[in-house]
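Reader: I am new to this structure and would be grateful for a close look at a single part of it.

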There are 2 protein chains.
Amino acid sequence: MGAVKARRMPRAVREQQMLDAAVRIFGQRGYTAASMDEIAELAGVSKPLVYLYLNSKEDLFTACIRREARALTEAVRAGVRPDLSADGQLWTGLRAFFTHTARNADAWAVLHLQARTHGERFAAEVTAMREEIVAFVTQLITAAARDVHRDPHLSEGEAAGLAEALVGAAESLADWAGTTEGVTAKQAAATLMNFAWAGLGDLMTGRPWSPPREPETEPVAQAG
Amino acid sequence: MGAVKARRMPRAVREQQMLDAAVRIFGQRGYTAASMDEIAELAGVSKPLVYLYLNSKEDLFTACIRREARALTEAVRAGVRPDLSADGQLWTGLRAFFTHTARNADAWAVLHLQARTHGERFAAEVTAMREEIVAFVTQLITAAARDVHRDPHLSEGEAAGLAEALVGAAESLADWAGTTEGVTAKQAAATLMNFAWAGLGDLMTGRPWSPPREPETEPVAQAG
């Protein structure tokens with residue numbers, strides 16, 4: 001069994017290297033234009049080995065989507081600081097989201113652009129991740145409402161709607177930040193907090209939302 | 001020339017019938033599963049005539065995307081009532097958006113799901129429409145900020161970011177309203193106004209946004 005384990009370790013490591021290379025090529029070239037030759041070369045392995053391990057271009061792409069969806073979901077969950085107030089939790093969660101998508105631009109392109117653009121099978125993978133994030137944000141919003149009122153008047157349906165709005169806005173802003181010169185993850189998060197927390201009405205009358213005073217540490221995703 | 005014109009009219013009408021049928025089939029079956037036979041049958045014409053007029057399944061789908069993108073953009077523009085205050089304009093625009101997407105569920109499925117899921121060529125068509133809507137909303141937000149302050153402190157970049165957030169939230173909520181039992185266009189618009197205008201912070205302390213008092217007329221898209 002020891003020998004088997006010793007042989008299996010390198011496979012897991014090599015697979016991650018193949019996925020690293022694949023995310024980069026899929027994200028930068030797009031799914032259709034990405035070539036398995038280029039992915040194998042970037043991973044430093046032979047093309048037959050990529051097929052042996054990941055089976056096909058479709059399966060390799062699916063593996064990329066799954067890995068990056070989990071990484072993003074974990075980064076957001078790890079970023080939220082449950083010791084903070086409701087707006088502090090939202091702020092730390094959004095910071096984690098925009099930091100992760102900015103640092104992993106190829107992975108974000110795979111998840112939000114490529115996976116949606118090349119057939120229902122891949123799109124379904126991303127839908128599952130999105131539903132998990134919406135459910136998580138719905139919980140955050142419900143908990144925030146409960147914090148403020150002992151007897152919350154925010155219905156479950158309303159909280160779900162607000163979560164959909166927040167997630168849709170965050171996706172849109174991540175694309176915008178990724179394609180607009182000079183927009184940082186922190187600015188994108190602040191724009192969304194102004195929009196979502198303070199509201200346009202407050203913003204326009206000169207009452208923007210202010211970040212809570214806290215040590216300025218970038219949220220870091222926990223290693224799986 | 002009179003005879004030519006008389007012959008051309010039925011073609012324009014028939015093309016619209018083909019597009020009506022195609023939007024319905026593409027929206028309900030999905031692009032891949034949609035059959036040209038079924039589209040021709042629903043349109044009440046022969047399949048060769050569909051090919052003669054629209055050339056191919058790809059071109060027919062592109063024609064559907066373009067027509068429905070223009071219809072949606074026009075519905076939103078026509079819905080905004082420039083005589084109202086900033087929040088009233090936003091409210092009427094959002095009402096028009098959610099009313100149009102609810103009444104044209106197949107068209108919304110074509111634009112927001114199918115067109116994005118079946119290749120970069122179709123996705124690019126939708127991106128062009130989205131950019132037009134974002135630019136329009138950026139103008140609305142900038143004008144609203146100018147109304148409130150004589151000397152606006154809202155930068156162009158910040159207004160563009162807020163517009164991206166609003167459009168992303170609206171897209172997400174239109175999907176949600178379309179798939180959630182009992183959520184009306186008006187409720188979806190109200191959820192987004194609470195989110196975007198009043199802000200979650202105000203909402204949680206029991207200060208939701210209230211619609212302006214106005215005659216309760218559903219915004220109606222102007223015929224092109």
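How much area is buried between chain B and chain A, and what share of it do carbon and sulfur atoms give?

Author: The model is a predicted one. In it, about 3500 Å² is buried between chain B and chain A, and carbon and sulfur atoms give 65% of this area. On the side of chain B that touches chain A, the elements that give two or more residues are α6 (105–117), α7 (120–148), α8 (156–179) and α9 (185–204) of chain B. By class, the residues on this side of chain B comprise 23 nonpolar, 17 polar and six charged. The contact draws 46 residues from chain B and 46 residues from chain A. Between the two chains there are zero salt bridges, while eight residue pairs are in polar contact, both residues being at pLDDT 80 or more.

Chain A is divided into domain 1 (1–55) and domain 2 (65–224). These two domains of chain A bury about 790 Å² between them, with 60% of it on carbon and sulfur atoms. Val23(A), Gly27(A) and Tyr31(A) supply 57% of the area that domain 1 buries against domain 2, more than any other three residues. Eleven residues of domain 1 are in contact with nine residues of domain 2. One salt bridge is found across this domain interface. Arg67(A) forms a salt bridge with Asp20(A), and their closest N and O atoms are 2.8 Å apart.

Key: Residues are numbered from 1 along each chain as its sequence is written. Chains are lettered from A and ligands numbered from 1 in the order in which they are written. This is a predicted model: local features need pLDDT of at least 70, side-chain atom pairs count only at pLDDT 80 or more; totals for chains, interfaces and linings use all residues. Side-chain values use heavy atoms; hydrogens and water are left out. Domain bounds come from an automatic or database domain assignment. Contact means heavy atoms within 4.5 Å. Buried area is the accessible area (1.4 Å probe) that two parts lose on being put together, summed over both. A salt bridge is a side-chain nitrogen of Lys or Arg within 4 Å of a carboxyl oxygen of Asp or Glu. A polar contact is a pair of N or O atoms within 3.5 Å; within protein, one must be able to donate a hydrogen and the other to accept it, and residues adjacent in sequence count only if both atoms are side-chain atoms. Helices (H or I, at least four residues) and strands (E, at least two) are DSSP runs, numbered from the N terminus. Ala, Val, Leu, Ile, Met, Phe, Trp, Tyr, Cys and Pro count as nonpolar, Asp, Glu, Lys and Arg as charged, and the others, Gly among them, as polar.
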